[in-house]
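Here are a few friendly notes to read alongside the structure.

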Amino acid sequence: MLNIEGLLVHFPYDYIYPEQYSYMLELKRTLDAKGHGVLEMPSGTGKTISLLSLIVAYQKVFPLEVSKLIYCSRTVPEIEKVVEELRKLMEYYSKQTGESNNFLALALSSRKNLCIHPEVSSLRVGKEVDGKCHTLTASYIRAQRHSDPDLPVCRFYEDFDAVGRQMPLPAGVYNLDDLKDFGKRNGWCPYYLARYSLMHANIVVYSYHYLLDPKIADLVSKELTKKSVVVFDEAHNIDNVCIDSMSVNISRRTLDRCQTNVETLQNTIQKIKETDATKLKMEYRRLVEGLKEANVARETDVYLSNPVLPDEILQEAVPGTIRTAEHFVGFLKRFLEYLKSRLRVHHVVQESTPQFLKDIFDKVCIDRKPLRFCAERLRSLLRTLEIADIADFSAVTLISNFATLVSTYSQGFTIIIEPFEDRTPTIANPVLHFSCMDPSIAIKPVFQRFQSVIITSGTLSPLDIYPRILDFRPVTMASFTMTLARTCLCPLIVGRGNDQVALSSKFETREDFAVIRNYGSLLQEMSAIVPDGIVAFFTSYMYMENIVAAWYEQGILENIQRNKLIFIETPDAAETSMALEKYQEACENGRGAILLSVARGKVSEGIDFVHHFGRAVIMFGVPYVYTQSRILKARLEYLRDQFQIRENDFLTFDAMRHAAQCVGRVIRGKTDYGLMIFADKRYARADKRGKLPRWIQEHISDGSLNLTVDEAVQLSKHFLRQMAQPFRQEDQLGLSLLTLEQLESEEMLKKISQIAHQT
Amino acid sequence: MDEEPERTKRWEGGYERTWEVLKEDESGSLKATVEEILFQSKRKRVTESHGQVRLGMMRHLHLVVDCSRSMEDQDLKPNRLTASLKLIETFVEEYFDQNPISQLGIITTKNKRAEKLTDLAGNPKKHIVALKKAVDTVCLGEPSLYNSLHLAIQTLKHMPGHTSREILVILSSLTTCDPANICELIKTLKSLKVRVSVIGLSAEVRVCTVLTRETGGSYHVILDESHFKELLMLHVKPPPASSSSECSLIRMGFPQHIIASLTDQEANAAISTSGADLSLGGYFCPQCHAKYTELPVECKVCGLTLVSAPHLARSFHHLFPLQAFTESPTEQLQKDRFCQACQGELKDKSIFSCPSCCSVFCVECDLFIHDSLHCCPCCIHNQTASY
């Protein structure tokens with residue numbers, strides 16, 4: 001039981017880290033102010049439990065102020081971890097207060113992870129599961145079944161629909177497996193049960209996409225109450241998630257599939273016309289009425305707004321040119337032909353959305369207005385035609401979304417048509433990139449709708465750039481350091497080889513033989529002194545390939561292999577997970593291993609290297625994004641014009657956040673320890689170093705700024721010996737681990753106030 | 001004294017000294033230095049060992065010495081191998097001094113193989129000769145933890161159940177080249193109740209952590225040579241016997257040393273049963289009259305354990321250890337701040353006093369008294385004075 005500025009918080013552990021207390025303090029202030037916050041706290045210091053216990057306490061005390069917590073995480077395992085922490089907290093609550101809890105908390109994931117239908121759940125791919133589920137549960141399919149009882153049916157959904165809606169899910173904490181169990185016991189569909197229960201649950205844990213991707217958010221999250229607290233965990237890449245959710249890539253294959261889609265549509269319309277013409281007429285009448293319903297809903301503030309559905313079109317009726325089904329199909333065909341003609345280019349084209357609209361008007365006389373209604377019109381048509389398997393129509397849906405977006409936003413997007421990939425200029429593979437450059441478009445509705453949005457991660461530095469690129473005004477921005485009983489991280493910047501050659505991955509010295517050799521000797525020396533696992537990150541796959549090939553020729557690889565086994569990450573996910581598995585085995589049985597991987601790859605983002613799985617991480621070079629990409633160039637230009645962020649600032653920020661993400665993989669808690677080796681002399685510069693998270697920065701002393709390989713080896717050896725000394729919990733107590741009494745002492749409170757670093 | 005010449009040659013020690021400078025930089029109030037933690041554990045060792053526990057006094061210890069390429073590293077002077085072998089020599093002497101009825105064998109591992117340097121035996125001389133010879137071995141290849149443990153088990157598993165079976169590994173390399181899954185072997189070790197301890201010369205290796213945790217041994221990594229010695233000496237003390245080990249009364253023989261004079265008619269020069277040396281005198285097994293030149297030994301003929309009474313007496317202090325001294329802050333001390341033993345001024349923040357005679361000692365003397373003397377000098381002094 002902690003007292004945080006008057007709020008009593010139940011904390012389920014006996015001990016608390018000072019930074020957790022400080023974090024809760026800042027969080028409480030954010031909630032009090034009903035504003036948004038950006039908080040950075042190192043991983044492994046119990047961010048999740050601090051967040052949960054404070055917000056739950058807040059909900060209990062002020063049920064009218066905050067009625068719901070929406071916790072967004074990135075992957076399914078992370079979601080499950082959060083729910084387990086929550087369960088611990090809730091158990092502690094009921095033990096402390098002695099009364100049963102009336103809190104409902106649940107996790108939501110895709111059908112793939114929740115389906116219990118024996119046939120459907122046996123499918124592996126998410127899209128297939130969704131499609132199959134749809135053929136069993138769509139409303140018109142079920143309506144047809146009244147006349148034709150032989151059609152297949154999902155009894156779980158039927159049972160849920162018949163009974164489940166009247167009986168709310170009993171209070172408790174439901175992880176994905178709990179939902180499945182509950183579903184099996186009652187014969188209800190867990191997925192729809194969870195989606196339905198979302199509305200009255202106190203805590204929801206799900207993936208980013210349910211809020212940020214407009215297509216999914218519209219289905220799942222639009223009715224969530226305004227008085228919610230939204231938490232984005234591991235949010236250092238949130239701008240990229242936003243951009244990806246709004247961008248569209250159209251290749252020739254998409255267009256071909258779209259072509260068949262349109263043909264099917266046409267045939268179906270023909271068929272329906274012969275059998276049931278009234279249906280189409282009904283639809284026509286509805287469209288004349290306009291999208292009034294949605295408009296009313298939005299005005300009364302019931303729904304989360306959808307960026308794909310702009311405000312203006314709600315007030316209008318669907319324009320006459322695409323109102324009838326045939327006309328709309330004709331319209332789609334014309335649009336498709338136009339896109340095909342655009343893909344037939346031989347040189348790169350880049351244009352803005354107004355240019356594109358003008359061109360399309362000149363060439364095929366398509367106006368801006370009908371384009372804007374395209375997505376909505378298609379949805380209505382699919383509904384009317386009663387087409388069950390929506391998954392098949394993904395191509396035409398994509399095109400119609402593109403049409404709506406391109407005609408709605410005159411700013412923040414760019415269109416780039418590339419006839420071939422840069423790497424293979426001889427193979428024609430035209431792609432139209434409709435690329436979003438402004439992440440704030442996708443996240444805007446979230447900031448507008450919800451009372452408090454918390455963005456948090458282990459690596460968010462520099463903090464001030466996030467509010468700028470996401471275009472919001474936070475009330476708190478704070479970075480927390482890690483209090484340590486022993487210095488368990490050792491960041492070293494290796495700037496020179498033993499022969500004094502400057503180490504750098506910059507473009508001019510990329511092919512330099514001396515640099516590659518020195519990088520090799522760094523890895524070789526490290527492999528001899530670091531126990532168990534080493535993770536090495538390169539800036540790109542290409543760079544890794546070049547270097548590894550050179551090392552092989554020079555015999556460096558052979559020398560390394562005497563000390564440790566070598567595993568390599570590849571773009572292939574299956575291969576990589578195999579390599580990871582073997583890597584862990586080698587760390588486990590004492591052989592030792594090195595994992596060569598790539599910044600921005602799968603390993604750098606989602607895999608933790610706790611304890612012996614990562615005793616050292618070596619960052620070869622600064623992981624700048626591939627700057628020759630046209631999409632990136634367009635985005636940089638946009639950032640400069642709109643947000644006054646200089647190209648270089650953004651590039652450095654982006655590189656450093658990825659570097660921090662990579663090196664942060666090795667420290668996953670206070671008992672863990674690891675070396676962080678930055679092998680590039682550019683890291684020593686203040687502009688790079690200053691952008692690392694504060695908890696790493698404060699351990700970089702002036703003495704470790706520009707080391708040679710030998711010096712780094714000596715320092716590492718000493719560090720590893722120190723860390724291998726026995727370390728028990730008692731050693732942490734009072735310093736980095738506090739009991740309640742220690743926490744309440746005057747002196748400690750003063751210390752704690754220094755942990756949070758406001759910006 | 002080793003420090004002095006090094007300090008004068010700064011250009012040589014340059015690399016190794018950088019960390020000292022670093023450590024001074026980061027003396028922030030939050031960070032307790034590792035030394036502080038180490039000091040605490042040092043103390044703990046003294047206090048911990050005092051309790052009424054049954055000790056495994058008859059020990060069978062296999063010493064595994066890594067002789068792989070990494071032993072050529074020069075962070076211990078002149079190199080790891082020479083330094084370790086020298087320390088092991090003193091360890092062997094100390095071991096037999098404190099555990100007279102125990103046995104020891106040495107295994108070396110290099111180039112993915114394990115070899116026996118000496119068999120399990122109770123004679124320190126043989127081991128020391130072998131160790132002296134081993135200084136010249138060439139270090140090459142990788143060690144094999146699996147092979148050396150396997151080799152050690154082969155002999156240890158035949159030892160009687162009441163004895164404590166131990167393996168102590170001195171591991172310098174950070175990798176091990178194993179022919180099979182070591183986890184299986186760890187299970188076997190556990191079932192055979194073999195206690196494996198490891199002293200690492202470079203850093204903490206996961207597999208050793210698991211190995212020692214599972215088998216109930218200890219795992220330490222050295223900081224420098226003196227720490228290495230300290231860690232080795234930890235293993236001189238007999239470990240507590242596991243509660244499940246068999247216990248039974250053991251028959252022991254206490255042969256007298258008989259020096260036969262040449263004039264004696266009955267006496268014949270005889271070859272000792274264990275060695276090839278021909279001598280007149282020796283120890284004769286009370287059961288079968290086999291002759292031995294040295295004790296302790298297990299009779300080759302009838303299997304009786306032969307020891308001499310002083311040997312047993314020497315392991316006596318393990319059973320009745322000196323009480324732990326009480327620790328108190330220096331400020332509380334009213335009297336002169338001098339250590340009763342070394343007469344040095346008490347500068348550290350805490351002092352230690354003997355609970356029975358209330359004499360005050362410094363940390364170093366406290367450790368010395370408990371580790372070597374095994375009795376409080378002031379108590380003894382008082383006793384003799386009263387007579």
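1. A:Lys717 and B:Asp73 join their side chains in a salt bridge, 3.1 Å from N to O (a side-chain nitrogen of Lys or Arg within 4 Å of a carboxyl oxygen of Asp or Glu). Across the interface of chain A and chain B the rule finds 5 salt bridges.

2. Please keep in mind that this is a predicted model: local features need pLDDT of at least 70, side-chain atom pairs count only at pLDDT 80 or more, and totals for chains, interfaces and linings use all residues. Residues are numbered from 1 along each chain as its sequence is written, chains are lettered from A and ligands numbered from 1 in the order written, and side-chain values use heavy atoms, leaving out hydrogens and water.

3. How many residues of each chain are in contact? On chain A 40 residues touch 36 residues of chain B, where contact means heavy atoms within 4.5 Å. About 3500 Å² is buried between the two chains, 55% of it given by carbon and sulfur atoms (the accessible area, 1.4 Å probe, that two parts lose on being put together, summed over both). A:Arg721, A:Gln722 and A:Gln725 supply 18% of the area that chain A buries against chain B, more than any other three residues.

4. Now for the sheet: an open one of 7 strands in chain A, ordered 17-18-16-19-20-15-21, with parallel pairing. Strands are DSSP runs (E, at least two residues), numbered from the N terminus, and two of them pair if DSSP finds at least two bridges between them. Strand 17 (565-568) and strand 21 (707-708) of chain A each have a single partner strand, so one side of each lacks a neighbour in the sheet.

Notes
Helix = DSSP H or I, 4+ residues; strand = E, 2+ residues; numbered from the N terminus.
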